[in-house]
Each structure stands twice: as C-alpha cells, then as structure tokens.
Amino acid sequence: MTPPPVVAVSAVVIDNGDILLVERGAGSAVGDWAIPGGRVEPGETLAEAVVREVTEETALTVTPGALIGLSEVVAESHHYVVACFHAAVADHRDPVAGSDAADAA
C-alpha cells in the first residue's frame, strides 16, 4: 500500500548558464544526478524549504523565485508531491556536497 502524499520541493538554479545538480548519496536514487530538493518540514513554507534544501545539499544560499510547476512521484514505498521553483544563487561560489548528496556541481 502506498503511504499518504508527502509535500516536497525542488529548485532549478541556473548560474552563469550552468544548472546546479547534486549526486544523490542516499535512498533509492543513489548515484543519480538531480536538481536539489527534499521534503518540506512541519511549519516550514515552501520558500523556506527551498532555501534549506539547497543549502543542506550544496552549501549555497539561494533566493527562491517563481513556482515552475508541480510533479508527483508515486511508488509502492513513497508518494511525493513536488513543488519546483526557480531559484537564484545569492553567494556565487562553488557548491560543496552535504547532507545526503554525494557530490554537487
């Protein structure tokens, strides 16, 4: 049985023509490259979650922008509703993998 949906966010960060990606270091997608993101914590706004997740995974600070769209990831073990945002880098430096990321570039 699939569990109830969990709200999550992701961020499309483009800086100097480059798209920020993280290599997943945990979970079912280990080794896959993706845009940064994750679950929204209780009491947290979507924008706050975007900032926290990008910082946790890349050590970069971003400013969330417009909502790009919603997606849904449903599997037997999980169900995520993901709000994807544009985000701008506030501190122009190289990303550093953190949290559950194996690498960031």
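Which residue forms a salt bridge with E44? The partner is R52, and the closest N and O atoms are 2.7 Å apart. A salt bridge here is a side-chain nitrogen of Lys or Arg within 4 Å of a carboxyl oxygen of Asp or Glu. The model is predicted, so local features need pLDDT of at least 70 and side-chain atom pairs count only at pLDDT 80 or more, while totals for chains, interfaces and linings use all residues. Residues are numbered from 1 along each chain as its sequence is written, and side-chain values use heavy atoms, with hydrogens and water left out.

The whole structure holds 6 salt bridges. R52 also meets E53 in a salt bridge, at 2.9 Å from N to O. Another salt bridge joins R52 to E56, with the closest N and O atoms 3.3 Å apart. R52 and E56 lie 4 residues apart in helix α1, so about one helical turn separates them. Helices (H or I, at least four residues) and strands (E, at least two) are DSSP runs, numbered from the N terminus. A network of salt bridges links E41, E44, R52, E53 and E56.

Burial was then assigned to these residues. Buried means under 20% relative accessible area, exposed means over 50%, and partly exposed lies in between (1.4 Å probe, protein chains only). E44 and R52 are both buried. R52 has a relative accessible area of 16%. For E53 the value is 8%, so E53 is buried. E56, at 33% relative accessibility, counts as partly exposed.

A nonpolar core is a set of buried Ala, Val, Leu, Ile, Met, Phe, Trp, Tyr and Cys residues joined through side-chain atoms within 4.5 Å. The largest one has 14 residues. V9, A11, V13, V50, V62 and A87 have the most contacts inside it. β1 (6-15), α1 (46-58) and β7 (79-89) each supply at least two residues of this core. The largest share, 4 residues, comes from β7. Contact means heavy atoms within 4.5 Å. Leaving aside neighbours within four places in sequence, V13 is in contact with D18, I19, L20, V62, A87 and V89.

Strand β7 also takes part in strand pairing. Two strands pair if DSSP finds at least two bridges between them. β1 and β7 pair in the parallel sense over 8 bridges. A11 stands opposite F85 in β7. Strand β6 (residues 62-74) runs antiparallel to β7, and 10 bridges join the two. V74 stands opposite H79 in β7. β6 and β7 form a hairpin, with 4 residues between them.
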